[in-house]
Amino acid sequence: MNFTGRSLVTIDDLSNGEITAVFDLADEMSQSMKEQLDVCRGKVMASLFFEPSTRTRLSFESAMHRLGGSVISAVDTKATSLAKGESIADMARVVGSYADIIVIRHPWEGSARVVADYAGVPVINAGDGGHQHPTQTLLDLYTIKKERKIIKGLKIALWGDLKYGRTVHSLIFALAKLGANIVFCPTPGFEVPNHVIQKLIAEYGGELERLAASEQSDKEKVSPLDAIYITPGSPHQLAMMPNISIQVELKRGVDALYVTRPQKERFATSEEGEGFKKYPVVDKKLLKEKEFEKTLIMHPLPRVDELACELDADPRSMYFKQAARGVPVRMALISLLLGVKEIATPDKSSPAGIDYPAYRQDLGLKCPNPRCVSVQESETKYIKPTFKIVDTNPLILRCTYCEHGFEPKYVASSHWHEGAPEYKKYHSAESHWARTIRPENLIVFNSADEAEVRGFKPSHYATVPHKRSDGQKR
Amino acid sequence: MNFTGRSLVTIDDLSNGEITAVFDLADEMSQSMKEQLDVCRGKVMASLFFEPSTRTRLSFESAMHRLGGSVISAVDTKATSLAKGESIADMARVVGSYADIIVIRHPWEGSARVVADYAGVPVINAGDGGHQHPTQTLLDLYTIKKERKIIKGLKIALWGDLKYGRTVHSLIFALAKLGANIVFCPTPGFEVPNHVIQKLIAEYGGELERLAASEQSDKEKVSPLDAIYITPGSPHQLAMMPNISIQVELKRGVDALYVTRPQKERFATSEEGEGFKKYPVVDKKLLKEKEFEKTLIMHPLPRVDELACELDADPRSMYFKQAARGVPVRMALISLLLGVKEIATPDKSSPAGIDYPAYRQDLGLKCPNPRCVSVQESETKYIKPTFKIVDTNPLILRCTYCEHGFEPKYVASSHWHEGAPEYKKYHSAESHWARTIRPENLIVFNSADEAEVRGFKPSHYATVPHKRSDGQKR
Amino acid sequence: MNFTGRSLVTIDDLSNGEITAVFDLADEMSQSMKEQLDVCRGKVMASLFFEPSTRTRLSFESAMHRLGGSVISAVDTKATSLAKGESIADMARVVGSYADIIVIRHPWEGSARVVADYAGVPVINAGDGGHQHPTQTLLDLYTIKKERKIIKGLKIALWGDLKYGRTVHSLIFALAKLGANIVFCPTPGFEVPNHVIQKLIAEYGGELERLAASEQSDKEKVSPLDAIYITPGSPHQLAMMPNISIQVELKRGVDALYVTRPQKERFATSEEGEGFKKYPVVDKKLLKEKEFEKTLIMHPLPRVDELACELDADPRSMYFKQAARGVPVRMALISLLLGVKEIATPDKSSPAGIDYPAYRQDLGLKCPNPRCVSVQESETKYIKPTFKIVDTNPLILRCTYCEHGFEPKYVASSHWHEGAPEYKKYHSAESHWARTIRPENLIVFNSADEAEVRGFKPSHYATVPHKRSDGQKR
């Protein structure tokens, strides 16, 4: 595996073996920090933070300095040429000619992908809106690995805001990839979004079992358990042992409890803030429960009130260690991407996930996520939106930039009307016709208006009752 | 004396011998700047400025670079996780895991103490609200020492805003500690606060003589003299020579005139700004007075109008030299605290001041200073306010964070009601009973409400006429 | 030619030979970047950006890091002591004692000159309002030279906002100095200001021919040509070949097309923004014209819509190369000014332009440019405005700070009333008397009020009809 010149935009850009390789190098570097001072001598890292994050920025900059490299940084949105209307692609090209590696945080989802596409140098995503924050995920995993030696088969509980916390979404995929089981304990109203669950099951296998409301009330005293994800290779796999109780499973103990801060800056409504007030705080009392006896208490920080500081001295508390470990993990990553360090990777597994068919038609389809980089005014001149067809029943497309999955309302097929314009008809995406269209012919519309603008007329199947034809559990 | 791993929060953290040691190393370093380039190689300084101060920040960062070290910096309050509600203590712990030394400026008084308590690495206070700015004090003293060889016995006049100027408060204690006499020339309305004077006399000895208004009008043409502090060891000590005239003393010449800028950003009212308009400017005309013939003109900068630029070429003007000397002084300090340089200290004097008894009762007493770090909402979960009993007549407590001294209104004794709840009574702090309470039993309240909330009832002595029982001059 | 210790405030500070020397060193450095890492070891550059410009700042900082030097930077106006009312001169002196070289961007025109006057270390102007941005000019010239080998005799077209674009003004003088011909293609309403044209002709010789409106409409399809400047040494010099057609000249091909962004942040009115909407965009269609067949497409970036991104892959497009070349050009410049590198200059030409007579009278004349540093409230205590008499018919004075040229309304002569106060009279600057006054006696006033305040009375010649007495073409 060769890291040189590659970028890290999502955690999926690294195979399991590569993740292990980063950890091995981080171990090596943290044991001999003084010897790393010439590793990046003469290299310049650009640190571009278009959203506040002193913690992450300082961690990256400290990592680069400890490797003997230099840092140029821009931290204020208003102080940048982007404020003059420049596109991210232009900015990436210019900064890529000043620096040897770019670290970027930007509120638009998918923006780091655009920077990676244009910069000409390795790019590390330090958070792109609600999308991904893969180095946070790496240091989370590194902490679990350091404390438990192996991640495969562990039971990791995620607690709090599982809706807006980008660190949590990256972490979910990484845990699944590495074979951990996941216990979801969201604040009510802050459950993991459907598109994350869909990707989790489709790409990593395994099963998700949701708890009924009655089950939850029974065990309210323990934790607000919502669902559990069982990794495919697990001996406890639900399908194999249908009678196993989630409660019993949970009682056997949780290996790590990953607490997150309410991402207030991303809340859609003020009511969401209210929802968090009723939520149980992770404190000494909670951690007296038997299942947390040997649990690693983790948090990406900053915390506000969701994690009591009375736990700071508790040996199970890992959150300050987590933060500290960000430095060697980032040192390892930077030096691998710059190609100044090499390390053997334990396996040859490919980082690639499922190779979904591409959506081929160029009829102006736009990503419906308003925070996606591909729909921003300054970017549309550069970025041609592209999509993958990740499911057909129901039909789900995924934006290749922000990775947001969505279900188009209407479909058509380029095959139907080739040479026969009178067949330019659109159908409901829920009609059975939809599943007969081959991917290379698929045309989708998010609204009837979109279809009509392109000259399509509604077929008899344009309106079907809004229920699943197959009753599939989703 | 070993500096390694220590922090510099207030100038009192350094003994006289240690101050001299810093100056000796600064001398050595400024004479061979090029040879210092490996001193801090591989070390990372975090420069955290939560209040604007380009000058101080650039001086620290230049110092670190001239030592061959690296700098990570955060300069915008809004760009920090503190804006997300994080506590200073958490921030300190995380940044302390990224950097080898932290320099912090923050508007909350006592904040640097909190950072030093939690960071796990040396911390330098670069200004915490109106509290202290000890490295400014060091470079002020260094300038005086370079120009006059010795500080002991000198006569230093302080001019302008002596109320809000934090550099002046640090300087007052340092000058007293080093045996200088201090002439106070405040803008009317901007006199040195009482708690500073109280500490000056109590901890450094010596005497303060205030000028009567009549005396002032007599000599208005010279300078708006308000009071003079005579150091204990001085041959001119007032107590020993009761007939000596302050005027005569002043006429013998001032060694340095320390001018300060009106700290408008800290003014409580707009009238305070008006007060400054009537104030004499330090200019050529003023400096023609005989007592300023050989006076060093000093200013912490930035200046606005209080110091005329016609003086810039005057050989007595030291203010640009002062600023320049900040670099070697900070180089010396950084390398000593990091333990990468050592230097013999001329004496073994301890930095500690008087060991005042601690206030022991835990009944929710809060520091009445609204800018104190210990009363900020995000910090109260971490910081348990603590106080020293620094005087008993009148009773004065001092917050250990912001060092603000205050006189509680009411007192009680835990001894009185042990086992006898009917004796839970509170008295006026001015009643003679107050002085009978032993420090370990002392309970204080800033208001009657506070006392009643804790279950105390007023005694017969709760209201005494508001005058001193002993007529003590204050 | 010795660069050591000098500043670069305007492009005129460098002779042709010195410009070539910078380019030679840039060539050398860009071919062996790794070997430059000790060139500035131990040197500190202060990067002071009082106006947003991430691009320029990162380029300078990258250059310094690639030379092995360190950077201290201040990027936010509000985060500086200037916000406390400090003068630029004070700031320069202090920062000059922290750093070995200063790079400054500031909105006040002439501010970099003030910094250079006071800092005591070399200063590089990274843009002072609408005045100059000489390193942008250097990298523009460097790109032309790299692509065309020689600049003399080339035909360079300037396109877009030629009024507010400071990069364009610097470039005009530099191109003239180096013997290039200039084709002006301004957006209507954004023509090159008169004072720039005046300086161009007066100091660099050559001729400017403006196109009549009728000629323009004829050729609208090609480009909105407004005027052409023919360099003195050119074989096509208009005076020598009066019948040559500009159109024909243009048809022979343009060597470079320099496109500029509308400098919206400097627009005086919102109508100016409207004017730009009608302006032709530089795109593939335009570049199909024969005269652009081998044209270098240049742009200082950031661009918005004036330059189509469909050109990015076109081999004529130079704008990203331009940006990239800023790094070696700035590396060369920094190391020359710091005196850590030396290079032989090909010729001994002096950088100085015409030695205009100074305006000698000290009667409170102020620069009429409201953005000039010399008229800012915080600066007037330091800066004594000075002027050069750059023309007498009509009378034009030029501010030595912002280099803004202006025509005073009234004149007087100190000679007239020496010993005869009754002759303290002022005349119209357009009267024939004005041209009889010797420079050393000249007194000018921008208004009658100014004159009367100084005790002057109107002469019979104070009002003359507002037309030129000589019908000179301007």
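Two residues are in contact if their C-beta atoms, placed from the backbone, lie within 7 Å. The legends below describe close-up views of a predicted model.

**View 1. The contact of chain B with chain A.** In this predicted model, 25 residues of chain B are in contact with 22 residues of chain A. On the side of chain B that touches chain A, strand E1 (44–49), strand E2 (70–74) and helix H3 (88–96) of chain B each contribute at least two residues. The largest share, four residues, is that of H3(B). By class, this side of chain B comprises eleven nonpolar, six polar and eight charged residues.

View 2. Two copies of a chain are related by a rotation about an axis and a shift along it. Chain B is superposed on chain A by a rotation of 120 degrees with 0.1 Å of shift along its axis, at an RMSD of 0.1 Å. The two copies are therefore related as by a three-fold rotation axis. The copies use different surfaces, since 4% of the contact residues of chain B recur in chain A.

**View 3. The contact of chain C with chain B.** Here 25 residues of chain C are in contact with 22 residues of chain B. Strand E1 (44–49), strand E2 (70–74) and helix H3 (88–96) of chain C each supply at least two residues of the side that touches chain B. H3(C) gives the most to this side, with four residues. The side of chain C that touches chain B divides into eleven nonpolar, six polar and eight charged residues.

**View 4. The contact between domains 1 and 2 of chain A.** The domain assignment of chain A gives domain 1 (11–133 + 325–337), domain 2 (135–323) and domain 3 (373–458). The contact takes 20 residues from domain 1 and 24 residues from domain 2. On the side of domain 1 that touches domain 2, helix H1 (16–31), strand E4 (123–128) and helix H11 (319–337) of chain A each supply at least two residues. The residues of this side of domain 1 are nine nonpolar, seven polar and four charged.

**View 5. The packing of helices H5 and H6 of chain A.** Helix H5 (residues 134–148) and helix H6 (residues 166–177) of chain A pack at an angle of about 55 degrees, with their axes 8 Å apart. H5(A) and H6(A) are therefore oblique to each other. The crossing in which H5(A) passes H6(A) is right-handed. From H5(A), A:Pro134, A:Gln136, A:Thr137, A:Asp140 and A:Leu141 meet A:Thr167, A:Ser170, A:Leu171 and A:Ala174 of H6(A). Four nonpolar, four polar and one charged residue make up this contact of H5(A) with H6(A).

Technical notes: Residues numbered from 1 in each chain as written. Chains lettered and ligands numbered in written order. Predicted model: local features only at pLDDT ≥ 70, side-chain atom pairs only at ≥ 80, totals over all residues. Nonpolar A, V, L, I, M, F, W, Y, C, P; charged D, E, K, R; others polar. Domains from an automatic or database assignment. Least-squares fit on C-alpha atoms with pLDDT ≥ 70 in both. Axes fitted to C-alpha atoms, helices over the stretch in contact; angles between N-to-C directions. Parallel < 35°, antiparallel > 145°, perpendicular 65-115°, else oblique. Left-handed = near helix turned anticlockwise from the far one by under 90°.
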